[in-house]
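Open the model in your viewer and keep the selection panel at hand. The stops below move from core to strands to sheet.

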Amino acid sequence: MHSEATLRLLAFAAFGSNEGVVGSKDLSVRALAQPDASVQVFPGACAVLNRDEGSAYQAYAARLSVADTIPIASTGSQPRSDLIIARVENPFSPGDSWPLPADVEAGPYVFTRVISGVPDTTVARDLATLAPRDSAIVLARIDLPPNTNAVTQGMIKDLRSIANPRHERIQRTAYLSASTLLGHSDGSWQNWPGEVTSWNLDIPQWATHAKVEVTLTGVRMANGVVAGSMRLLLGTVPGAQIPIGDDQSSAVRRRSVLLSTEFPIADDLRSTTQALTVQTVISAAGGDVQVDALTWITLNVEFSEAPDVVGV
């Protein structure tokens, strides 16, 4: 049988010496549906580095199986900020004096705790100064106004990080064979350019964000000054509008266009296939844009994982 220190070494190696929550929703701190003088910490798992004496290369793997309700003291005439942490309280670790749990075998040994009265600028890294010997991670900061006895979601600042966030990259390249031209018509968005305007993307179940870049090289502009924009849509969600106009009059010229947008991935889009569409609008009469056999398109998508933030 492995010793406890060896098991903590294995946890340290498994998490790659990192700490934080395991998934984007894990241990999120939220106001009650009916705001009250308490908050809820939602279920989830986390990795916590062991900071006790002689504990180098050790970590704890911990889980909160049911939501935990944490009381938050009311404020008087002055505002106050409280830090919500997940802390391992191991009474058998050298140098610690935590009380024994109700059940030595089953614990619990991990608790959600409040550090009250911290500066309102406190972030996760400040825990190393506030409680340098605590084996703990920061979940959130609550900024309470004066004379407050109920916590609303707008008072909660999410400070979680993911121990090992996941990433996935997709790259595709297309060379166009047909020539298509777009000029001004009614000033509405069109699915353009040409034969390649949309890709189907399989969105991972864990993805919370997608950074998308589409590069078009060799876009032909002619017949006057071009005034227009391009954008990306993920499903029905539009990205930023990128101007493509220039003022080179009627000269024929070719340009490169970079479309770059970061999309937040809502819950209902995860584990689905969504169309990524390129749209273009020519907003004024005059020049037009064209793609042909001299145009090529490169798509780069990076899905990433970060803590889900509850809307205010």
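Start with the largest nonpolar core, which has 36 residues. Select V212, V214, L276, V289 and F303: these touch the most other members. A nonpolar core here is a set of buried Ala, Val, Leu, Ile, Met, Phe, Trp, Tyr and Cys residues joined through side-chain atoms within 4.5 Å. Buried means under 20% relative accessible area, with a 1.4 Å probe and protein chains only.

Before going on, note the ground rules. This is a predicted model, in which local features need pLDDT of at least 70, side-chain atom pairs count only at pLDDT 80 or more, and totals for chains, interfaces and linings use all residues. Residues are numbered from 1 along each chain as its sequence is written, and side-chain values use heavy atoms, leaving out hydrogens and water.

Strands are DSSP runs of E, at least two residues long, numbered from the N terminus; helices are runs of H or I, at least four. Which strand gives the most to this core? It is β15, with six residues.

Now center on V289. Skip its neighbours within four places in sequence, and its contacts (heavy atoms within 4.5 Å) include W192, V219, M221, I244 and I282.

Then jump to a second, separate core of 24 residues. A31, I72, L139 and V151 are among its members.

**Around β15**

Select β15, residues 209-222. Two strands pair if DSSP finds at least two bridges between them.

- β19 (residues 253-264) pairs with β15 in the antiparallel sense over eleven bridges. Find R220 opposite R254.
- β22 (residues 296-304) is antiparallel to β15 over nine bridges. H209 faces S304 there.
- β21 (residues 288-291) pairs with β15, again antiparallel, over three bridges. M221 stands opposite V289.

**The open sheet**

Last stop: three strands in the order β1-β4-β5, paired antiparallel. β1 (20-21) and β5 (59-64) are the edges; each has a single partner strand, so one side of each lacks a neighbour in the sheet. Select β4 (residues 44-49): its antiparallel pairing with β5 runs over six bridges. L49 is opposite A59 in β5.

Conventions. Buried < 20%, exposed > 50% of the residue type's maximum accessible area, 1.4 Å probe, protein only.
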